[in-house]
Structures are given as structure tokens and as C-alpha cells.
Amino acid sequence: MSDKPMAPRDQGAPDYNKYLHPLMAKNYGEWVSHDRLRPGVLVHTAKSGDKLYTVRAGSPRTMSADTVRKVCDIADKFCEGYLRFTARSNIEFLLGDKGQLDGLIQAVEGDLGWPLGGTGPSVSNVSHTQGWLHCNLPGSDAAGSVKALMDDLIDEFKNETLPNRVHISSSCCQINCASHGDIAIIVQHHHPPRINHANMQICELPKVVAICPAAAIRPAVVNGYESVEVVHEKCMYCGACHGQCPSMEIRDSETDTLSIWVGGKVSNARSAPTFMKLAVWGLPNNPPRWPEISEAVRRILAAYKEGAKPWERVGEWIDRIGWQRFFEKTGFPFTRYHIDDGPEALSNLNRSAMVRL
Amino acid sequence: MSGKSEKKAMALHTPMLNELETGPWPSFFSDLKEYSKKKPVVAQLLNQLEESYENKWNYWIGKVHNAPGYGGGIIARVSEKADKYPGLANFHTVRVIEPPGWVYSTEALRNLADTAERNGAGILQFHGMSGDILLLGFDDAGSLQCVEDLMHDGWDIGGSGAAMRTLQCCVGQARCEMACYDTMKATKHLTDTFIHYLHRPEFVYKFKFKLSGCGNDCSNSIVRSDMPIMGTWRGPMQVNQEKVAEFIDTKGLEYLIDNVLTRCPTRCLSVKGKTLVVDNENCVRCMHCINVMHHALAPGLDRGVTILIGGHRTLKIGDTMGSVLVPFMKLETEEDYDALVEFIERVWEFWNDNGMDHERIGEFIARIGMGTFLKGVGVEPDARMIRQPRTTSYIKFEELAPTKFEGEKKKDPPVWNREAESVETA
């Protein structure tokens, strides 16, 4: 530590007013409309008549200080030194002078090597978690699997040819930090945690017991150690205890698999927000490029693209055609594991005589 | 960077990761590989990552490490392979509160890059799933120095643990015509007002706010935050009939029928000639027609927010979706902001007094019931909070129970007897 006095604490959120593009600051709250000029390029029009151009590109989310500086060089040259990021780690370069648009696009695609897109009815950048790069709980990687997946889906990112936007998320354990998506990838464990009884003193045992959603953990003395035992019949392999206590190892490189879920939606547009539902399970966790995941996601996208009406999100499309057709069209098997036995179990059954025959 | 291993570069051995150098999507690996020439510790990180790829196994363990005065914000990581990769012995993440709406000047970004590089591995992420800027790769001393430097330059560090977490919001009125309130201002206001709770975990569990300017919910608030705050409006939406006519002329009547009228969830749109007729009373502010016909339609002028409660992802009781708590309140004047702050404090007090350890507020509500929760926080039941009334016929009607079952009256009224003084509902 330096000899400088301690820096001020509790300063709060940065003052965004300092970071607004001049046209944003001038027209704050006075925007009237927007248009998409081409995939990856938006123009917003303000009451004053001002137009602000946005060039959106896919970022890798993780970047070196030198890459951040390259981004800054571009924003300094074209954007008066202002830019922003989106909730899905896209970067948005903001531009006042339309005459500079081609130069900016050239700099982003050419110099930086980041693809334009993610606007309108396209696959946007993947929401993802930390993975093997830096998390303490992951069963898989995130940055690498997302890179491989987006290589495969690049045309769907760069073009606006889907019925509506598709949000993909990718999570490396069942805590599912990347959350819901139209299509979501999650790691799945297949047996109870392995308990290192000799190392349970690093964990707060009452908390370990309390955190189990299945009430499967109870205190026990094992080989003389104060520890816990897991009732195997009750355990559902969620790994909640592993997050609480590193001595309850849930991961298994031999048996962990990946599953794909579909139909999550946060927007209220047309239909109320929905959770995602299981589509296909048992896919291998296969670094470095996870080809089985890309193949399955492509299959879902192809069926969606062919079958959905404009503006239908993946979940809305399936709601209309029914799950039976979803499984037919994607070719994924429907199994007894798709039938819910969680908190929503009964309400997720078809409680009617409405059946497509 | 204080690690002595810094000076000696380690050769990269990354046959599997090399396969992430091909293809059109930008590769974090290529970037870090190049950067490792300048920052040798990054080579150690990539070599460990390669081992993770080979063995499908992870080598990071968590530990507790905090900056003086703070109870969170540094996500401390220790490598199990520190003998082989000494630079990773302590390799922490520092969470930094992002500017609301993720807007930046290059000056600010360069400052972050310089600070990250000077004190650690120089790896940045835009952004973490909670909205924070993440700076990766600091040892114990480096992370503390990084935090001091950040705070000298006006930044503050983000939340972790059982605390209010860093807030996030959509771009809002800075660049969106659909934003029904000032999401950036509200995000800054709540962050700054409650900054103590962000830095010192003292809740039963984490509490997240996410703010979206309209029902399109670009900040993913409804499934990802304990208190989603979404823009909305009262009264009629704005319709520019000339632009409606233009829309029909350009796109055709059929397009209007197929993609707008029939998609309205409450069927409150119809067309007479080239005039759009809106049954505003039944509009639920879903935003679809405005999304499709954004040149012709816009949210109404009497704007405010809908406050929801209880969204979170699956652990432990399964997903909970945010549900309506306050159907409408204005969020413009200082008094409005004070009312919101006071309301949040009341919600927190009831949850923290009665919630179990590690119980998110959505789980808490699932356990005690929304009726009890409303009583606890002093909010009157409102039919807009539900999809339908109960179908279970076993009910504890407190008013109808014989006296002998009521128990003794408590002298001090608990928090749930307080009035909902300043919360305006439509």
C-alpha cells in the first residue's frame, strides 16, 4: 500500500452525465424514433432533429487492457470519445456525423475485427458466465464455448433474417448465472456431492444443511469428523451445497453433461415473460469447441426460422405449434425427464383434452 | 503487479485453446495470448486454462479478501496449481460499479485499463452478469492498491455476498424514445442512497435491483432481480394517425392485421379505414404495437413505474418471476424518489426481520404467502397483483376466527401494521 491517505469510500455510481455522447446529453429524454439502417447500425432521431448513429458489434466481453485502448482509439477518432455496452456485451460506438459511418464500420470490422450485428431479428451476443477462466464452481467453460458457438452462428448475428430476436445464454453450473434465454445452455450433474469429511471444518455446517432445497443434508459424525451426510434418494444434484461449501464437490468431469433449454423471455411484448423449458439433455461437455452444442442450437434455430411467424419469439412459436411439433421438427427425443417434477409439476401438465392429432 | 514470477515469461502450451483462434467471432484467447507477451502472468493463466480444457476440471478456489472498510467487491481466487503457476497463487477479481446504462468516455475506459494493468493482470470484462465492470488478476496487495486507485479516480467497487448488489439499467432516456422514466437517474439515486448496503453485507441474502424504461425490459429485470422497476404510463398511449396511415400505405393492411392487431394480448386494437382505434382501458402496456409501429405509436404522457418483487433464478426453490407489487407510481420529483426509498426500506426491514438465512425475497414470499407479505410491508392488496384469485379453499380468515384462536394481542405493533403512507398506486 502507498503512503497516500485512504481514498474516499462509498462514492456510489459514476456520474453518467460525464459519459454521455454530446448528442445524448443534448437530447436526453427527447428522442422520438429510431430506424435500423442495416444490421448492426441504428439511427435515433430526436425532437430537435438531431440524429445519433449507433454501430453495434459483438465484443468478446473479456479483453486485455491493450484491446480496451484499441476500442478507445476508434471511439476517439470517430465518436468524440464516447461509447457504451449493452446488457449482452455488445459494444455500441456512437456517431453524430453520418459521413463518418463507413470509416467507423471499417475500423470496427477491419482494425478491431469485431462483427457488426445483433440488431433487430437476429441472434444477439451470448450472455455468459465466468467458467474455467475465473470461477470457483464451473463444470464447463464459458468464454471459449461462446466463442465457438458464435463462430458457428455468425451469419445469424450479422443478418436480420430470423422471425424475432434470439437471446442465448450459457452457464457453467446449475446456479445458472447467465439465466434465462430463448435458448440456454446449462451444465447438469448426475450424482450427489462427494464429501471430503476431513475438510468440512472450513464450512459452516448449519448453513450447509439449510441451503439444501431438497432437505437431503443432515449433520453426521463420519470417521470421527463433524460433517454431514447426504440422503441420496432426496438429492437432486443441484450443487447448492457446493456453492456453500467447497468440501461438497458436485462436479464430475467423467459424468457431467450439458442440456439445452428453450423459450425463456423477459420482455412483456405480446405475451407475458416466461421461463425456459428443457429441450434436449445429455450433450457432452466437449472442449475446445463443443460441436454438439452448436449442432443442437442450429437445429432449434433452423426449425424456428422455418416455422415461426414474424415477431414470434422461440417460446411463443412453440406455444402456438405445441411441444409435440417442437420435438418433431427439431428431431430431439421427448422423454420422461422432460415432464416436470419440480414446484410447477402439475400446472405444467396438459390439463385439458386439447390435443393435436 | 507484485508477483515476482512476472519477470520470467512462461512458454505457452495451449494446443486446445489454439483451436479458439480460428473463426470469425473475436477470440478472447488470441487477445490474451498476444497480451501475455507484455504481461507474463497472463501466460500462466492461459496455461492453467488449457489444463482445464484438457481435464475438464477447474482449479480456482474462493477465499475471503476485502478492502479496508468494505465487506465485498473483491472476488478472491486462489489457484490449486499455484506451485506450477505462482502468478496465480492469488488472482482476484475486482468488481467496479458501472456507469448507469454502461455509457463511457474513452478517458474513463483508459483509466480503467491503466489501473487494471498497473495493479494486476490487465484483463477487463464488460460486463459481469450483475452489471459490474470486472477487472481480473490481482494478488492481495495489488487488489487493495487497485481499489484505492479506482476510488481516488472517482470509481467505487461493486457488491457481493448477502448485500444489495450493483444495480443495472437500460440506456433509458439517454437514447431511447420508449423509456417511460429516467432509468439512469433512478439507478444512480438508488445506488448512492443505499451505498452502505452495497458495501457491507448485512441482509439475510443478496438483493438485486434492475431497472428498465418500459415493458421490453432490456435490463432483464423480471427474472433477474429481486425488485424489478419497469417504466409504464397511465391513460391513453400516443397515436399519430397520419403515421398510422403511412404505415398501412407502406406495409399493407394485411401486415397491420397479422403483426399488430392480432398480436395484442388484450385485443384492444382495431382499425377503421386507416385510423387505429385503441381501447386504452384494456391496454396492458406490453409494448408490442409500439415496437412494430414506433413511428406512429408511443407511450402515453402520464408516465411512471410499475414495481415488481421477487425475481430470481432457480436455486433453491426453483425460478421465481417478479410479480406486481406497486402497479403504478410516479418517479419524477424529489418527493417521488423519497417515497420509493422509504418503500424499499420498509420492504427490506420486513424481509430481513423475518427472512431465513440465505432466503431471497422471492423465496421468502413463496414461504409466507403474498398476502402476509403485503400486510408486512403495508401495501393494500390490488387485483392487478394476481393472475387470478386463489383456487384453494382452505383459508385462515383472521376476521372470522373465534377469539380463543387469535392469541394475545401484541403491545408493540410489528412492522406490518404500519401504513403505506407515501406509496401512490393508480
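This is a predicted model: local features need pLDDT of at least 70, side-chain atom pairs count only at pLDDT 80 or more; totals for chains, interfaces and linings use all residues.
Me: OK, how is chain A divided?
Reply: Chain A has domain 1 (16-112), domain 2 (127-189 + 253-346) and domain 3 (194-248), with bounds that come from an automatic or database domain assignment. The C-alpha centres of domain 1 and domain 2 of chain A are 29 Å apart.

Me: How many residues are in contact between those two domains?
Reply: Six residues of domain 1 of chain A are in contact with ten residues of domain 2 of chain A, where contact means that the C-beta atoms, placed from the backbone, lie within 7 Å. On the domain 1 side, the residues are two nonpolar, two polar and two charged; here Ala, Val, Leu, Ile, Met, Phe, Trp, Tyr, Cys and Pro count as nonpolar, Asp, Glu, Lys and Arg as charged, and the others, Gly among them, as polar.

Me: And what about the domains of chain B?
Reply: For chain B the assignment gives domain 1 (4-152), domain 2 (168-233 + 302-417) and domain 3 (236-298). Between the C-alpha centres of domain 1 and domain 3 of chain B there are 49 Å.

Me: Switching to the two chains together, how many residues are in contact?
Reply: On chain B 103 residues are in contact with 95 residues of chain A. Helix H3 (residues 106-119) of chain B gives the most to the chain B side, with eight residues; helices (H or I, at least four residues) and strands (E, at least two) are DSSP runs, numbered from the N terminus. By type, that side of chain B divides into 48 nonpolar, 34 polar and 21 charged residues.

Me: Which strands join the chains, say around A:Thr62?
Reply: Strand E4 (residues 62-64) of chain A and strand E5 (residues 123-126) of chain B run antiparallel and are joined by three bridges, and two strands count as paired if DSSP finds at least two bridges between them. The bridge partner of A:Thr62 in E5(B) is B:Gln125.

Me: What sheet does that pair belong to?
Reply: E4(A) and E5(B) belong to an open sheet of six strands, in the order E4(A)-E5(B)-E6(B)-E3(B)-E2(B)-E1(B), with antiparallel pairing. E4 of chain A and strand E1 (60-63) of chain B stand at the edges with a single partner strand each, so one side of each is left without a neighbour in the sheet. Further in, strand E3 (residues 92-96) and strand E6 (residues 133-138) of chain B are joined by five bridges, and B:Val94 has B:Leu135 as its bridge partner in E6(B).

Me: Where is the other sheet with strands of both chains, and what stands at its edges?
Reply: Another open sheet of six strands has the order E1(A)-E2(A)-E3(A)-E6(A)-E5(A)-E4(B), and its pairing is antiparallel. Strand E1 (31-38) of chain A and strand E4 (103-105) of chain B are its edges, each with a single partner strand, so one side of each has no neighbour in the sheet. Within this sheet, strand E2 (residues 41-46) and strand E3 (residues 51-58) of chain A share five bridges, and A:Thr45 has A:Lys51 as its bridge partner in E3(A).

Me: Last topic: at what angle do H2(A) and H3(A) pack?
Reply: Helix H2 (residues 65-78) and helix H3 (residues 101-112) of chain A pack at about 165°, with their axes 10 Å apart; axes are lines fitted to C-alpha atoms, for helices over the stretch in contact, and angles run from 0 to 180 degrees between N-to-C directions. That makes H2(A) roughly antiparallel to H3(A), the term for angles over 145 degrees. Among the residues that meet are A:Val71 and A:Ile74 in H2(A), and A:Leu104 and A:Ala107 in H3(A). The residues of this contact are seven nonpolar, one polar and three charged.

How values were computed:
Residues are numbered from 1 along each chain as its sequence is written. Chains are lettered from A and ligands numbered from 1 in the order in which they are written. Angles under 35 degrees count as roughly parallel, over 145 as roughly antiparallel, 65 to 115 as roughly perpendicular and the rest as oblique.
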